[in-house]
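Subject: Structure handover and notes

Hello,

The structure we spoke about is below. My notes on it follow, with the cut-offs given where each term comes up.

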Amino acid sequence: MLPAVVKLCCGISYPHLRSLAGLQRTAVAVIGQELTHLQRWGEVQHLMRTHAGLNYNEPKPEGVKPVPLKDQLFFVQEGQQAMRKALSMLEDTQGWKVEITESEGDVICSKVMPGVGKVFRLEAVLEANVDELYDLLFVRVEEMHEWNPSIQQIKVLQRVGPETIITHEVSAETAIGQRDFLSVRHSFKQKSSVYLGGKAIQLDTFPPQAGFVRAEDGPTCIIIQALDDDQGKSRFTWLLNMDVKGWLPKSIVNQALPRRQLDFTRHLRRRLTASATLG
C-alpha cells in the first residue's frame with residue numbers, strides 16, 4: 001500500500017497523475033489564449049458593461065467603493081495569472097513528499113517551491129458532480145460559512161465579469177489565530193473539468209481590518225474533474241499556498257495548513273451528504 005501512495009504523491013509512473021498533468025497543460029494553454037483575447041481593451045469594456053449591473057447595483061460592504069472600469073481588466077488578469085502559476089506548480093510532479101494519508105483515500109503532499117515556500121497538495125474523490133462542486137465553491141461562495149465552521153464570513157466585494165470576483169474572507173479562531181484575506185478568485189471551465197484559482201490582492205478602499213492579521217493566499221487553485229467511470233463523482237485536487245503572516249513558527253504553520261485542508265474536505269463531504277439526503 002505504501003509504495004502505491006508514494007507513487008500517487010510523487011508523480012512516479014502513476015497513470016492518473018500523468019493524465020492530470022496533461023489536462024493542466026491544456027488548461028494553461030487555453031487560459032493563456034483567453035488572457036490574450038481579454039487584453040483587447042474593446043472586448044474587456046464590452047464584458048464589463050455587460051455585467052455592470054453585477055458590479056454596481058449590488059449592495060457593497062460599508063466603506064467599499066466599486067472598482068473603476070479601468071482597473072477591472074487588471075483584476076481579471078491577476079486572477080488568470082494566479083491560476084496559471086498555480087497550475088504550473090502542480091505540473092511539476094517531482095519531489096512531492098507525503099504528509100498525510102486518510103482512510104477515505106485522501107492524500108496530502110508537500111513541496112518547497114523556489115521563491116514561494118512550502119505548498120500543500122490534496123487529492124481526494126468526492127461524491128458530487130463537477131457542476132455541484134462549482135456551485136458550492138464559487139457561485140455560492142458567500143454561503144461557505146454555513147457548512148464550514150473554520151470560516152466566519154466570506155463576502156463578495158466586487159464581481160468583475162462572469163468568471164472573476166473579489167472577496168473578503170474572515171476565518172474562525174483556530175490554532176494559528178484569526179485571519180482575514182482579501183483575494184481575487186477566477187474560475188475557468190473546460191469540458192468535464194473546472195479550475196478555480198486565486199491570490200491575495202490589495203485595495204486602497206479596503207485596508208487591513210482592525211482586530212485581524214491579514215494573511216495572503218496564493219497563487220492557489222482547485223481542480224475539479226469528473227471521473228471517467230462515474231460522472232456523479234469528482235476528483236478534487238487542491239493546491240494550498242499561504243503566508244499566514246504574524247509571528248507564528250513555521251513548524252506550527254506547516255502542521256496547521258494540511259490539517260485545514262483535511263477539515264475543509266470533511267466539512268464539504270458532510271455538506272454534500274446533507275444535500276443528497278434532502279434531494
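Of the chain's 279 residues, 49% count as buried (under 20% relative accessible area; exposed is over 50%, partly exposed in between, with a 1.4 Å probe and protein chains only). This is a predicted model, in which local features need pLDDT of at least 70 and side-chain atom pairs count only at pLDDT 80 or more, while totals for chains, interfaces and linings use all residues. Residues are numbered from 1 along each chain as its sequence is written, and side-chain values use heavy atoms, with hydrogens and water left out.

There are 7 helices and 12 strands in the chain (DSSP runs numbered from the N terminus: helices are H or I of at least four residues, strands E of at least two). Among contacts with a separation of 6 or more, 61% are between residues 24 or more positions apart (contact means heavy atoms within 4.5 Å).

Strand pairing

Two strands pair if DSSP finds at least two bridges between them. Strand β11 (residues 230-240) runs antiparallel to β3 (residues 117-126), with 7 bridges joining them; Val 125 is opposite Arg 235 of β11. β11 also pairs with β10 (residues 220-227), again in the antiparallel sense and over 7 bridges. In that pairing Ile 223 has Thr 237 of β11 as its bridge partner, and a hairpin of 2 residues connects β10 to β11.

Strand β6 (residues 179-190) is mostly covered, with 11 of its 12 residues buried. Its pairings are as follows.

- With β5 (residues 164-171): antiparallel, 7 bridges; Thr 167 stands opposite Ser 183 of β6.
- With β7: antiparallel, 8 bridges; Arg 185 has Gly 198 of β7 as its bridge partner.
- With β8 (residues 213-214): parallel, 2 bridges; Asp 180 has Arg 214 of β8 as its bridge partner.

The hairpin of β6 and β7 has 2 residues between the strands, and Lys 191 there takes a positive phi near 55 degrees.

Gln 178 is in the loop between β5 and β6. Its side chain makes a polar contact of 2.8 Å with the side chain of Gln 152 (a pair of N or O atoms within 3.5 Å; within protein, one must be able to donate a hydrogen and the other to accept it, and residues adjacent in sequence count only if both atoms are side-chain atoms). A polar atom of the Gln 178 side chain also lies 2.9 Å from the backbone oxygen of Ser 171. Leaving out residues up to four places away in sequence, Gln 178 touches a set that includes Val 170, Phe 212 and Val 213.

Nonpolar cores

A nonpolar core is a set of buried Ala, Val, Leu, Ile, Met, Phe, Trp, Tyr and Cys residues joined through side-chain atoms within 4.5 Å. The largest has 38 residues, and those touching the most other members are Leu 137, Met 144, Leu 196, Ile 224, Phe 236, Phe 264 and Leu 268. Two or more residues each come from β3, α6 (130-139), β4 (151-159), β7 (193-200), β10, β11 and α7 (250-278). Apart from it lies another core of 15 residues, including Leu 90, Trp 96, Val 119 and Phe 188.

Within the largest core, Leu 268 touches Leu 126, Leu 133, Leu 136, Trp 147 and Phe 236, residues up to four places away in sequence not counted. In α6, the buried residues include Val 130, Leu 133, Leu 136 and Leu 137. At the start of α6, a side-chain oxygen of Asn 129 comes within 3.2 Å of the backbone nitrogen of Asp 131.

Aromatic rings

The structure has 5 aromatic pairs (rings of Phe, Tyr and Trp, the last by its six-membered ring, with centres within 6.5 Å; planes under 30 degrees apart are stacked, over 60 edge-to-face, the rest tilted). Phe 74 and Phe 75 form an edge-to-face pair, at 5.2 Å centre to centre and 70 degrees between the planes. Phe 74 is partly exposed at 43% relative accessible area, whereas Phe 75 counts as buried at 5%. Trp 147, Trp 238 and Phe 264 form one aromatic cluster.

The charged end of Arg 121 sits over the ring of Trp 96, 4.6 Å from its centre (the criterion is NZ of Lys or CZ of Arg within 6 Å of the ring centre and within 35 degrees of the ring normal).

Regards
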